[in-house]
Each structure stands twice: as C-alpha cells, then as structure tokens.
Amino acid sequence: MNQFPSPPPVLSGTGLCKSFGATRALDGVDVAVHAGESLAVMGPSGSGKSTLLHCLANIERPDSGEVLLGGERIDQLREPARSELRRTRFGFVFQFGQLLPELPAVENVALPLMLGGTDRRTAVQRARQWFAPLGLAGKEDHRPGALSGGQAQRVALARALVGGAQVVFADEPTGALDQATGQDVIRLLTQITRQQNAGLVVVTHDESVARWCDRTVRVRDGRIVRETAEPGSPAGAGTGAAR
Amino acid sequence: MRALDRTTWTLTWRLLRGGGRHGLLAAGLSVAAAAVCTTLLLLCVGANLGFGERAAHADWRSPVEAKGDRAVAVQAVDTTFRDGEPVTVVDVAALPGAHGSAPAPPGMPRFPAPGEVWTSPALGTLPGEETTGTLGREALSRPGEKVAVVGHRPGDPAMTTERGTDPRRPGDIVTPTRVADFTGERTADGYGAQYQDLMKLATVLVVVPLLVLGASSARLSVSRRDARLATVRLLGATPGRIAGMTAAEALLTGAAGAVVGALGYAALLPLAAEVPVAGGSWYTADLWVGVPTLLAVLAGVVAMVTASALGGLRQVVVGPLGVVQRSRAPRMNIVRAALFVAVLVGYWLMSRGKELDIDMVVYFFAAVFVALSFVGPWVVGVLGSLVTAAARRPATLLAGRRLLDDPKSAWRAVSGLTLAGFVAGFFVLFSIGGGTPWGGPDRLALSVPGDRVAQVQQEVTGRLERAGIDAKVGTDDDWVATGTGARGERQVTATVADPGRLDAARAALTDVVPGRRPVTGEEVGWQREQFAGDFQKATLGVLGAGFTVAIASAGITAAGAVLDRRRTYGLLHLAGTPLRALDAARRTESLLPAVVLTGASVLTGVFCAAPLTLAGGSPQFDGRSAALLAGCLAVGFTGLAAASAASRPLLRTVAHTAGPRPD
C-alpha cells in the first residue's frame, strides 16, 4: 500500500461510451494517466483503441461519460475551444505525414508556438532548443523530405512538446519505422515526456513499444479487458502485477 | 504498348469508378475543363474559318480585269447607305455578243437584264427601284448583309464613267471593270484581312489560358490519384504501369470532356452565329469547322490533357510508400528574368516609331506569353523568399514557404490571370477608335468635276425641292465624297434640315453624277468605325474569356492543392491547428502572387502598347478602355478570391476526414 495518496491523474476518462451507427466502439471505459506517466493502449483492429485516444484527446466527443483534464471537464467544450485545447495543452505524434513538407524542420516545430501568438524569432529559438536533446542537431533547416522516418518522428515529437503539452497522444508512432528506429523513437518519446512531466498515451499494435510504457491497457470490443504495469514503473511499483 | 494493355485499362476504370466523392469530383472537373477547352477552341477555330467563308462569299464583288477578249461583262461596285448601314450596289452589264454566255453572278439564277434590280433579303428594295428578285446565300457574306445587283446596258453612264476608289473604305467603290467571270479575288487591303488577323490574335489570347486550364485539371486528377497509385505500386505495379494508368485515365477523362465539349460547341453554334461581328450575325454553316478539323481539335485536346497528366505524374514521383516529397526547394534561375527583359527590349527596339501591324502583334503576343511563362515562376520564387523572410504570422510564413517550395505550381494558378492582365494593359493605351474629321452626319457630299459644279449644284437644289426636302446646298473643298482624283474636283454638299430625311435626300440625288453616290462624312469612315467597335467587343470578349478561364484554373488549382495536402491538413486539424490559419495561408498564397504578377503584367502590356500608340506622335489614353481594365481587374481579383474561397468547404471536409480514422 502506498504511504502517500497518489496525486490526481492529469487526464481521465470515466464511463466513456461511443457508437458509430450500430457499432459500439467504446462501452463504458474508465482510464486515467498521471503526469509523467506513459500509458500504452493495445488491442486488435476494431477493438476501439483509436476511438479511445480520440475521445481522450477531444477529437471525438463521447456519447456518454466524461473526460477530465487537470480536474476540469473538457468533453463538453465547443469546437473552437476543443481545437485550442488540443493545440495548447495536448501534443500529437502520428504514424507519418504530420509535418508540413514546405517548412524546414525547425519551423514545423515552431508552428504551434506561432499559432499561439509567440513571435517568430522567439518561436524558432525555442524550437531549436529541442533539436540537440532529440539527436537532431544540424537538422534544423532540413525539410521533412530530407529527413529519415525516425528523424521526422523526432521532429514531430519536438513539435508535440514545444508548447508545454500536459499530455502527448501518439497513434502508432512507430508504425512506419523499422524495428530499431521504432525502438529509438519510443525510447525518446517515453523519456522526454517523463522529463517534461507530461502524460503519454500511445496506441500501438507492437508489444515491444508497449513495454517502454509504464502501464498497458488492452481493449477488446470497446472495453478494457486487462491492465498491466511494467515492473519498476511507478504504477508497477504500486501494483506489482498484471490485473 | 504494354503500359496501355487490357490490365491497365481495367485497373484504371475500376479506380475511376471507385474513387469516392472526391475522386468523382476531380474526374468531373477534369472532364469539365477538357469540355470547356474543346468548346472554346472549336468556337475560335470556327470563327477563324468563318471569316474565311465570309471573305470567300464577298470575293465576287472584287472584279478581276479580263485578259484579252475573254470579257463577257462589265462590273462596277459602289456603296450607299440606308439608316446608317452600308448597302453594296453591284452594277453589271453583259457585253454585246456575250449576253447569252455571261454567267449568272453568285446567288442569282441568271444574268440580270438591263433595269432589273436584285436585292438581298435584308435590303428588300432600293429606293425608287422595283425589285426583280432576291439574291441567294452565295452572293452574301452574312445573313443581314444589304446587297443589290443592278442590271445595265454596257453603254449606260453607270458602266462607262470612271469611279474613284477611296483608301478610307477599301472595296466600297470599284470602277467599271471588264470581267470574264464573277469569281473575283480576295482583297488584301480591306478590313476583312484585319478581322482575320484580329481573330488569330483573339485565338492566341484565349488558347494560352485554356492550355493552363487543361493542365490544372489534369494536375488535379493526379493529386487525387497519387495515393491510389501508390497503393498499386505497393502491390508490385511498375512505374511504366503507373504511367500507363495515368495516361489511360487522362485519355478517358480527356476524351469524355472533348466529346462533351464538341456537343457543347454544336449546341452553341446557333447562339454563336447570332453574335454580331463585322456588321452582323453569321451563317451558322460558316462557323462549322467540318469533321476533319473537329476530329483534329478533339485529338489535340485529349493529347494535351494526357501530356499534362503525365507531366504532373513526373513531378510527384509515385513510390510504393506514397508521394515522395521534395527534399529541397527548387531554385529558379535568373536567366528566366533575363530572357523576359531581352524579349521586351527587343520588342521596344523593333516596334519604336512603327505603324501597327496586327501580324507583328500576334507574333509578339505569343513571344511575350512565352516570356511571361518563363519569368512568372522566377517572380513567384523571389516573392516567396521575400514573404518568408518578412513573415511574422504563421499563415504568411506558410504562404511564403509554399511559394518558395513550388513556384511553378503557384505560377500555374495565377498565370491565366497574369496573361489576361497583360492583354488588358495592352489595350488600355491602345485604341483604334476616334471620331472622323470629315464633316457632320447630316451633310451629303458629291465629288464633282470643277467645270460641272454650278450645273450639279443647280440640279441638286432642284431635285431636293421636287422631293420636298429642306436642305442647304453649297460647295466645299473638304475630302468627303470620293472622286477620280482629277484636278479641279470639288464637293457639292446638301445639308439636310431634318436628319430623318437623309436617306430620302440620298435617293433623290442618285445618278446626279453617274456612278457616284452621295455620302456623309460619318459614312465615309464606316469600316474603320465598325472595326473599332468590333475591336472593342473582341477585347471585352477575350478579356472576359481570359478572366473566366483564369478564375476556373485558379479554383481547380486551389482544390488540387487542398487534395495534395489532405493528410497533413487532417493531422494539423487534429492537433488543434485552426482551419482559419490554413485558409489564410492558402488565400495569401494565391492572392499575393496574383496581385503582384497581374500588376506587373498590366504594366508590361502598357509598356508594349506604348511604342505603337506613340507612333502617331502622342499617346491615346482611352478612358473607356481604362474603365474596362479596372473593371476586369476588379472582377478578376474578386473571382480569384471567390475561387480560393470555393475550396474552403473542401478544406474543411478533408481536414475532418483525412486524418487517421478509428478502426
């Protein structure tokens, strides 16, 4: 038993239900992620894992249930506020294609800051600071077309975090990469988000990717059927075993 | 060709049919663009051929002197006016001994007997004459033309008195000429040739934006196709197969569009025939291009669409994992700018101080269009660098980077507008209108030999009194009516008090001087005035077509650009990027080069018109043309903004649907 009560989760979803026509994609899901914690969401195709990510990230509105960010309910916000929330408090890393091909890497990273009102010079300066820690030193002025898949994903990661995101959502972030590069990217993803004290939600098919996360939830038919914690992770230290 | 085998066609057809809403939209736009291209091209070609047909039907009124003793008739021509419209009067007489063998003039069943008057349907009757019969289509260049053929005896004064020609109205007056037949000849000095040149110029001006439209639509199809083609590549298709599929789809959409366009041309022919040019409407048959030309135009359109599609495919090299992105922005060589400057300087040096020659203008326009197409992408690239360097807002930065990234694509979007701007700029200084300096509209004049002035003046006064027409008869030395150029000729004038009785006065004065019909100063310049009016209409038509096609191109290009970036837009939207920022970037990306390039091309047009208009000694700034230019530019920019806005719903749709979907 923990000596101290655990802090409230940075992001939580309670009783989430979502249907597309007659298909029930989510059926009463409860899930939470804490600051600095990484959560892998796994499941077969059609299980509802991407829908869960979309509902948590305020991309989709759940039919019922509620989503709280830092204790504030966010699932009932109107679209402009939802967009702003996604831009300012969340970060996203997708499988591929999220970088604007015309912009050099550093400007891709600076873009969210500029959209938030930061002047260009400051935004670019702040964006540059992310390149060395992510192993991208010297790639600042390269365009996405000149980057490898792994480098492009690291640029996307920098863009997700540059605005001080509280939670980063990654949808199959290693899906288009080879095994070694994929491991490199997920390692950086989990390390950096932990350093930034941001929550991380990763949707993946890949067990080796999930192993980098503190916890894994397995989804089937719109329900969480199993939750496991990696040994040594904060959650694993607490629970110690698969549930 | 293996790339176009049965498998290719089958795959292409299935992909076309299964392309979804956006796929059908893209294919539909391609078909529509090819159809518009075909229709306008056929109408342009039809008008070019139509002028030829018109000229061919008027050739017989330009008699050719018969050689030796082969003459069978005498033919003379004069032009009078009714209600301000020209009436061509052809006087003919069969020569003695040849009456039986003199051929019938075109449009007549037989040679007219002395005293007979045959008139065109639009003329009805000649004042004071009874009409014997109606001239057929063969005698007329257009349905509303007013023509009369008057039969004479060879010894009649009308057939023996020399008639002076007038360089201000070529072809209006022909002195009695002994002819062997009524074939005639094509006159090179008349306005007919200038009309044909004008039509050639209009065709060049319309065809270039049309090519841009065709290329834009083909490029749009490629944008839509690339993801599906990438999948096919993943399944093992060779680049040759992909090229074959692209060609097959372009062939299908191009052929469908060409057929629709040909049907549109056929449907529009009766309407096009009603457009009054060079005095009136057309015979529909004259605007029909004929089956061989029709097929040639259709093949040309299909070839152009296919070539554009393959060119677009080459730019977006399709790999198995999707469209390969360029790793660095292409650099535009400054040689492009140097070439443009060289063309302008060369033109200035060649044209300085020379009279207008439409042939030269046609060639020059073609040269400037090519030069503009070279310098355009370079200007866009420079603009992109400047905007990127100065950008403070994300939308401006995005727009600047996009201009820098693909200046050729940005140029394609605005090239039609730029070319139309050049044309508009050219015509703001250039005007061939202007009043005639030869007297008022109510004063009829006759050219009379100096020794007959008093006699003719008395005869004119008497005839007008008998006809009950109040007029002031006098003499003048102005050159209004045409004489023979003999020394001592003077003008006997009759200024009619009631302008409504002008034609009655004209009829009363017929044959006072054999072979000479009284004219007013305004009527003398009728060909020039008519050409000026048609020139203005042609300018408006070309500008209208140019701007319409340019706006359509811009709209299609904008839609293509959205589809090109649909995945990125979708993901940026998911990441919370406001659509208005993406939209603002698109707007800046299209409007900024349009404003800069169109402004520059208008100035280029003014620059190029200057030597021609300054040749007369002073520039002719035409207020109406300036208003036309301003109006066209306003409509053009509004249309461009609207074209950009029209793809906003598409942006919204792709932003909401192009991202990863829950499985």
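In the hairpin built from strand 9 and strand 10 of chain A, two residues sit between the strands, and D221(A) takes a positive phi near 50 degrees. Keep in mind that this is a predicted model. Look across from R220(A) and you'll find R223(A) standing opposite, in strand 10 of chain A.

Now for the rest of chain A. There are eight helices and 10 strands in chain A. With a radius of gyration of 18 Å, close to the 18 Å that the globule rule gives for 243 residues, chain A is as compact as a globular protein of that length. Here are some overall values for this chain:

| Property of chain A | Value |
|---|---|
| Span of the C-alpha trace along the principal axes | about 45 × 40 × 40 Å |
| Buried share of the 243 residues | 51% |
| Share of contacts with a separation of 6 or more that join residues 24 or more positions apart | 64% |

Helix 3 of chain A is worth a stop. How many of its residues are buried? The count is 11 of the 11, so helix 3 of chain A is largely enclosed by the rest of the structure. Among these buried residues are V106(A), L111(A) and M114(A), but also E107(A) and N108(A). After helix 3 of chain A comes G117(A), with a positive phi near 105 degrees.

Helix 3 turns up again where the chains meet. Chain A puts 30 residues into the contact and chain B puts in 23 residues. On the side of chain A that touches chain B, helix 1 (49-56), helix 2 (79-88) and helix 3 (105-115) each supply at least two residues. Sorted by class, that side of chain A has 12 nonpolar, nine polar and nine charged residues.

Over in chain B, six strands make an open sheet with mixed pairing, in the order 4-3-5-2-1-6. Which strands stand at the edges? They are strand 4 (133-134) and strand 6 (174-179) of chain B; each has a single partner strand, so one side of each is left without a neighbour in the sheet. For strand 4 of chain B, two bridges make the link to strand 3 (residues 117-119) of chain B, and these strands run parallel. One pairing to look for is W118(B), whose bridge partner in strand 4 of chain B is G133(B).

Note on methods
Residues numbered from 1 in each chain as written. Chains lettered and ligands numbered in written order. Predicted model: local features only at pLDDT ≥ 70, side-chain atom pairs only at ≥ 80, totals over all residues. Contact = placed C-beta atoms within 7 Å. Helix = DSSP H or I, 4+ residues; strand = E, 2+ residues; numbered from the N terminus. Nonpolar A, V, L, I, M, F, W, Y, C, P; charged D, E, K, R; others polar. Pairing = 2+ DSSP bridges. Buried ≥ 20, exposed ≤ 12 C-beta atoms within 10 Å, placed from the backbone. Rg over C-alpha atoms; globule rule 2.2 N^0.38 Å.
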